[in-house]
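Here is a short report on one protein model. Look over the sequence and the structure first, then read on.

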Amino acid sequence: LQMLERQVVGGEQAKNKDLKEKQKRRKKYAAERRMQLVAALQQSDEESSEWVLLNVYDSIQEEVRAKSKLLEKVQKKLRAAETEIKDLQSEFELEKIDYLGTIRRLERDLMLFQQLLDQVQSLVRRDCNYSNLEKVKRESVWDEEAGCWKIPEPVVEKTRLP
């Protein structure tokens, strides 16, 4: 009876060593995989949303509490991000105001220098190359290395009558 029972419990494959070995390997692989998952869960941030999704709860109240805590943490992160955005926007606004002030100041300086040039140009001798400012502008070259304009030297052209 016991001999028949051993054959029936395992079926036809009860004495198959390859099948037993394969089952052992599957169990060993499943145990290793389970250990890897446990290690990964322990290493992961318990506050992350994956933890809530992977957790098994005994009651709905536990699940609600856990998800409420997660929601509070996410809301705190959201408020922090919103505060940072507001800070960046205000900083950007201050920089914008500063740039606009600089532009206005430079425009006023440009107008002053333009008026000075208009006044001084009439005092320049006609036989000087600086009497024609447009020609001086065309001949001027920007020097990248020095960071300034290379302006032609003033030259007085004396014309002599024959």
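## Overall picture

Residues 24 or more positions apart supply 24% of the contacts in the protein with a separation of 6 or more. Contact means heavy atoms within 4.5 Å. This is a predicted model, where local features need pLDDT of at least 70 and side-chain atom pairs count only at pLDDT 80 or more, while totals for chains, interfaces and linings use all residues. Residues are numbered from 1 along each chain as its sequence is written, and side-chain values use heavy atoms, leaving out hydrogens and water.

The protein has five helices and two strands. Along the sequence they follow the pattern α-α-α-α-α-β-β. Helices (H or I, at least four residues) and strands (E, at least two) are DSSP runs, numbered from the N terminus.

## Surface and burial

Of the 162 residues, 7% count as buried. Buried means under 20% relative accessible area, exposed means over 50%, and partly exposed lies in between (1.4 Å probe, protein chains only). The protein exposes about 15,600 Å². Carbon and sulfur atoms supply 57% of that area. Accessible areas come from the Shrake-Rupley method with a 1.4 Å probe; for residues, only the protein chains shown count as cover.

Leu112, Phe113 and Leu116 form a nonpolar patch on the surface. Together they have about 300 Å² of accessible area. Patches are made of residues with over 30% relative accessible area and no salt bridge; like charges are joined within 9 Å, and nonpolar side chains (Val, Leu, Ile, Met, Phe, Trp, Tyr) within 5 Å. Leu116 sits in helix H4 (residues 60–121). Leu116 counts as partly exposed because its relative accessibility is 43%.

## Salt bridges

How many salt bridges does a search of the whole structure find? The search finds five. A salt bridge is a side-chain nitrogen of Lys or Arg within 4 Å of a carboxyl oxygen of Asp or Glu.

One joins Arg105 and Asp109, with the closest N and O atoms 3.9 Å apart. These two residues are four apart in helix H4, so about one helical turn separates them. Arg105 is partly exposed at 39%, and Asp109 is partly exposed at 30%. Another salt bridge links the side chains of Asp143 and Lys150 (3.8 Å, N to O). Asp143 has 22% relative accessibility, and Lys150 has 45%. Both values count as partly exposed.

## The loop between H4 and H5

Arg125 lies in the loop between H4 and H5. Its side chain meets that of Asp127 in a salt bridge (2.9 Å, N to O). Arg125 is partly exposed, with a relative accessible area of 47%. Asp127 is partly exposed too, at 24%. Leaving aside neighbours within four places in sequence, Arg125 is in contact with Ser131 and Val156. Arg125 and Val156 are 31 residues apart along the chain, yet their C-alpha atoms are separated by 8.1 Å.

Ser131 is in the loop between H4 and helix H5 (133–139). A polar atom of the Ser131 side chain lies 2.9 Å from the backbone oxygen of Cys128.

## Cysteines

Is Cys128 buried or exposed? Cys128 is buried because its relative accessible area is 11%. Cys148 is partly exposed, at 31%.

A disulfide is a covalent bond between the sulfur atoms of two cysteines. Here the test is a pair of cysteine sulfur atoms within 2.5 Å. A search of the whole structure finds zero disulfides.

Definitions and conventions. A polar contact is a pair of N or O atoms within 3.5 Å; within protein, one must be able to donate a hydrogen and the other to accept it, and residues adjacent in sequence count only if both atoms are side-chain atoms.
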